[in-house]
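Visitor: I would like to learn how to read a fold from its model. Shall we take it feature by feature?

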Amino acid sequence: NESNNLHQQLLVKNRLIKEAFSTNQIQQLTGSEADVSSPDYIAIKEDLIRLRITDPQIRFIYFMGQKPDGKIVFLVDSELPESADYSPPGQEYPEVSQALQDVFVLKGEITEGPSLDRWGTWMSSLNPIVDPATGRVIAVLGMDVDASDWNMHIFYAAMPIIIGTLILLFIILVFSYMQQRNEREKQIL
């Protein structure tokens with residue numbers, strides 16, 4: 001169905017974006033304000049901004065990390081620092097879903113949503129970045145699509161079925177009316 005297609009498309013986009021980044025470069029991020037002046041942070045941020053601009057359906061692209069105390073934080077996002085939606089490195093993300101926590105533990109990619117956070121309601125694709133040497137998840141690449149856009153896409157994809165059903169229902173009602181009218185006319189005669 002259309003929802004499954006959208007989930008798969010979002011995962012494919014996430015996989016392609018993930019391939020654009022070096023695990024070594026991502027490992028250099030500390031999830032602290034000190035990252036802002038780091039060449040690795042700057043390069044990743046510029047790439048995320050460019051990638052987000054290329055696909056208007058994607059609202060946010062970001063890397064998240066997990067601190068030793070288990071808290072999930074932003075490492076780098078696709079927003080300009082002057083944006084109201086900017087998340088500085090190290091900003092805690094308290095709205096963590098079970099699915100996001102699972103990506104850090106189970107190391108599998110997923111799509112989830114609709115999920116509500118302080119920025120809106122999103123369909124998200126989450127993909128772990130795993131250290132090849134240790135097998136540990138060092139970050140998760142996330143991409144968010146506005147849930148209302150997602151739902152409208154599904155609605156438009158379902159329109160032919162809805163219209164077909166309404167036409168069939170109309171035909172059945174007309175046929176039923178004609179049958180009843182014919183029965184009444186027979187009774188009159």
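Visitor: Which residue in β5 is the bridge partner of isoleucine 129?

Guide: Start with the general idea. Strands of a sheet pair through backbone hydrogen bonds, either parallel or antiparallel. Now the case here, in a predicted model. The partner of isoleucine 129 is alanine 139, in β5. That bridge belongs to the pairing of β4 with β5, which run antiparallel and are joined by 9 bridges.

Visitor: How many residues lie between β4 and β5 in their hairpin?

Guide: There are 6 residues between the two strands. Look at glycine 135 in the turn: its phi is positive, about 80°.

Visitor: In what order do the strands of the sheet stand?

Guide: The order is β2-β1-β5-β4-β3. The sheet is open, has 5 strands, and its pairing is antiparallel. β2 and β3 stand at the edges with a single partner strand each, so one side of each has no neighbour in the sheet. Neighbouring strands are turned by 35° against each other on average, direction ignored.

Visitor: How many bridges join β1 to β5?

Guide: The two strands run antiparallel and share 6 bridges. As one example, isoleucine 61 has methionine 143 in β5 as its bridge partner. At the other end, β3 and β4 also pair in the antiparallel sense, over 6 bridges. There, leucine 116 is bridged to threonine 121 of β4.

Visitor: Which helices pack on the sheet?

Guide: Take α3 and α4 in turn. α3 touches β1 and β2, and its direction makes about 150° with that of β1. Helix α4, residues 98–106, touches β1, β2, β3, β4 and β5. Its direction makes about 150° with that of β5.

Visitor: What should I look for in the backbone angles?

Guide: The bond from glycine 113 to proline 114 is cis, with omega near 5°. Proline 114 sits in strand β3. Lysine 107 has phi near 65°, a positive value in a residue other than glycine. This lysine lies in the loop between α4 and β3.

Visitor: Why does lysine 107 count as partly exposed?

Guide: Partly exposed covers the range between the buried limit of 20% and the exposed limit of 50%. Lysine 107 has a relative accessible area of 43%, so it is partly exposed. By contrast, β5 is mostly covered, with 9 of its 10 residues buried.

Visitor: Which residues have the most contacts inside the largest nonpolar core?

Guide: They are Ile26, Ile44 and Phe63, in a core of 21 residues. α1, α3, β1, β2 and β5 each supply at least two residues. β5 gives the largest share, 5 residues. Another core lies apart from it, with 14 residues, including Tyr62, Leu100 and Val140.

Visitor: What does phenylalanine 63 touch?

Guide: Leave out residues up to four places away in sequence, and its contacts include Phe21, Ile26, Ile44, Leu48, Val73 and Ile129.

Visitor: What is the radius of gyration of the protein?

Guide: The protein has 24 Å, whereas a compact globule of 189 residues would have a value near 16 Å. The C-alpha trace spans about 95 × 35 × 30 Å along its principal axes. Of the 189 residues, 35% count as buried.

Methods: Residues numbered from 1 in each chain as written. Predicted model: local features only at pLDDT ≥ 70, side-chain atom pairs only at ≥ 80, totals over all residues. Heavy atoms only, no water. Core = buried A, V, L, I, M, F, W, Y, C linked by side-chain atoms within 4.5 Å. Buried < 20%, exposed > 50% of the residue type's maximum accessible area, 1.4 Å probe, protein only. Helix = DSSP H or I, 4+ residues; strand = E, 2+ residues; numbered from the N terminus. Contact = heavy atoms within 4.5 Å. Pairing = 2+ DSSP bridges. Axes fitted to C-alpha atoms, helices over the stretch in contact; angles between N-to-C directions. Rg over C-alpha atoms; globule rule 2.2 N^0.38 Å.
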